[in-house]
Amino acid sequence: MLNCFNLLKNFYRNLKIKHKLFTVHFLIVLIVCSISLAALQVGLKIYDNLLYRESAQVLNLSTISIENEIKKVESFSYYILSNPIIQRGLEQIKKEDLSQYERTLIENELVQLVWELRFEKNILSVNIIDAHGNQYSGGTRIPEPTVSEIIPKAVAGQGIMVIGERSKEDSSLICARQIRAIRDLSLEDLGTLLIRVNINRLVEQYTSGKENYDVNLVIFSADKPIYFRDEFSKRVGSELQFKGDSGHFLKKIAGRNLFVAYNKSVFTGWTYINIIPYGDIFHRIIILRSIILLIFGLLFISTVYLSLRLARSLTKPIEDLTLKMKQVENGEFEMVDEAAAVLPRTDEIGILQKDFAMMIQKIDTLIKEDYTKQILIKDAQIKALQAQINPHFLYNTLDSINWLAKINGQQDIAVMVESLGNLLRSAITGKEPIIDLAEEVQLLKDYLTIQKMRFGERLQYQLDIDRKWLGLRVPKLVLQPIVENSINYGLENTLDECRITVKAFPDADCLKIRVTDNGPGIPEEVLEKLFQGEFKPKGSGLGLQNIDHRIKLIFGEEFGLSITSESGKGTTVVVRIPKGGDRSV
């Protein structure tokens, strides 16, 4: 978190002034708008909760009233099945020894009785099914498929009223209850009582007067609809998912925002759903919220525009001044007079422009004075350089000595002079920092030729480099300084013979050139200082650190030098260069 804060702080610090001003204004407006919108959302949330309380209250009252009516139907069903005439008639019908006349009398008595008992206003019909499956209807007969479907549910209820599904024929609700023998508490199955309830009229009598809110009450038993006003309400009820036994939420179905409150009944297990079109009730609130959002949007855009204009008015003169500074940096002083003449501002920025113009005038004057002095100094330097020794004169002189030595039969002197000339020509006149390995080997041979003349038989060397590697590119003067160190530390400090071997061999993607001597070795502390450049080497002055640094700089960190040395057993230096530098491939 602290690192993120520091990054943001550094980012803001490096912004241009106009961007800083814009960022500050933008954040202030954003925070104000965010707080205002949050307060608006809190207010709407509070209003939603108030609506839910009212909706839940209405839903609870409707639920209690409807449940009470269902309980009345249950009490009415018990009253019917416990009627002595019905009990006695069903017991006699169940017997097989009745005559047709007696059976007819009992059946007529049952039909007349169920017609007389159908006095509840929400009950469409009372139907009794005897033990033989005969139906006695006090109203509309119930189709046989429906009877066959609901009787097993009534039997499973064992005397408790079972509420069936909504009838497909007339949208009524069928309640069933098994009729069991009360006499002697035998509880013998005598038949089934079916009561058709006008569920539409029952629900509407307790939801009437609420149409001002366009409230839709939907009742579902599990996933089966018990009551719905229209097909849209049925569709909404079937698509909703509920969490818990009661609650409320917003849902968008078929392009309409709906406020839904629900409650699950413990008595019937039904789920009562109160559906309120959110857009109709909150029409004014939605318009008000839209106006507020529009005002916030306009305020936000206006603030951004004004912030940009303000930042531009403050930073434009500074940007112009910066541009003039860059022109001065490039040596363009012609704009000084114009900058000094046009000063429309008298604030801090105008004063800065005026001071800048005066400063440039003074600098221009000093430059012109200094330019004249520099011309005189350059003339003196050119004359001094012309008086120095020309390198070509030195090469020509060495060449003359070489020919004179050959004429006089001094072959050793001729060889040494020729080798020295080659070394000087390569070291002084060569401008290319990278050469072929063949040229580097030739430089090494010239150097060893001179040293061989100097030390004679005390110096023995062997060059083992395959011709196929001579096309590789290497930094100039890599091998000669290493061999020079071997001679300086291995030959000049002892009277013994010094053997130096230079061998090239491939290794993976690089070529290794190993320089080995049999000298006394280099102490570890001296070797470390020598490689780090803290110890001044003898001879050419090109330390091992310099060679290693040049190789790494040209080819990469995976290449360079490695040194191993042991006291009394000599020193080995390995040079690693890439094979890719071979121009012959």
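What percentage of the residues in the protein are buried? And once that is settled, which residues of helix H14 are buried, and which of its residues meet helix H15?

Analyst: This is a predicted model, and in it buried residues make up 37% of the 585 residues in the protein. The protein has 17 helices and 17 strands, and among contacts between residues at least 6 apart in sequence, 61% join residues at least 24 apart.

Helix H14 covers residues 437-455, which is 19 residues, and the distance from its first C-alpha to its last is 26 Å, close to the 27 Å expected at 1.5 Å a residue. Its buried residues are Leu 437, Glu 440, Val 441, Leu 443, Leu 444, Asp 446, Tyr 447, Leu 448, Thr 449, Ile 450, Gln 451 and Phe 455. After the helix comes Gly 456, which has a positive phi near 65 degrees.

The partner you asked about is helix H15, residues 479-490, and the two helices pack at an angle of about 25 degrees with their axes 9 Å apart. That angle makes H14 roughly parallel to H15, because an angle under 35 degrees counts as roughly parallel, and H14 passes H15 in a right-handed crossing. On the H14 side the contact is made by Leu 437, Glu 440, Leu 444, Tyr 447, Leu 448, Gln 451 and Phe 455, which meet Leu 479, Gln 480, Val 483, Glu 484 and Ile 487 in H15. By class, the residues of this contact divide into eight nonpolar, two polar and two charged. Leu 437, Glu 440, Leu 444, Tyr 447, Leu 448, Gln 451 and Phe 455, which make the H14 side of the contact, are also listed among the buried residues of H14.

Helix H3 (residues 84-94) and helix H4 (residues 100-117) pack at an angle of about 150 degrees, and their axes lie 10 Å apart. H3 and H4 are therefore roughly antiparallel to each other, and H3 passes H4 in a left-handed crossing. Here Ile 85, Ile 86, Arg 88, Gly 89, Leu 90, Gln 92 and Ile 93 in H3 meet Arg 103, Ile 106, Glu 107, Glu 109, Leu 110, Leu 113 and Leu 117 in H4, and this contact has eight nonpolar, two polar and four charged residues.

The buried residues of H5 are Thr 146, Val 147, Ile 150, Ala 154 and Gly 157, and they pack against strands S1 (123-130), S2 (135-138), S3, S4 (173-180) and S5 (189-197). H5 is followed by Gln 158, whose phi is positive, near 50 degrees, although Gln 158 is not a glycine. Most residues other than glycine have a negative phi. Gln 158 is placed in the loop between H5 (144-157) and strand S3 (162-166), and with 56% relative accessibility it counts as exposed.

Ala 508 is another residue other than glycine with a positive phi, near 60 degrees. Its place is in the loop between strand S14 (498-507) and strand S15 (510-517), and at 65% relative accessibility Ala 508 counts as exposed.

How values were computed
Residues numbered from 1 in each chain as written. Predicted model: local features only at pLDDT ≥ 70, side-chain atom pairs only at ≥ 80, totals over all residues. Heavy atoms only, no water. Helix = DSSP H or I, 4+ residues; strand = E, 2+ residues; numbered from the N terminus. Expected span 1.5 Å × (residues − 1). Buried < 20%, exposed > 50% of the residue type's maximum accessible area, 1.4 Å probe, protein only. Axes fitted to C-alpha atoms, helices over the stretch in contact; angles between N-to-C directions. Parallel < 35°, antiparallel > 145°, perpendicular 65-115°, else oblique. Left-handed = near helix turned anticlockwise from the far one by under 90°. Contact = heavy atoms within 4.5 Å. Nonpolar A, V, L, I, M, F, W, Y, C, P; charged D, E, K, R; others polar.
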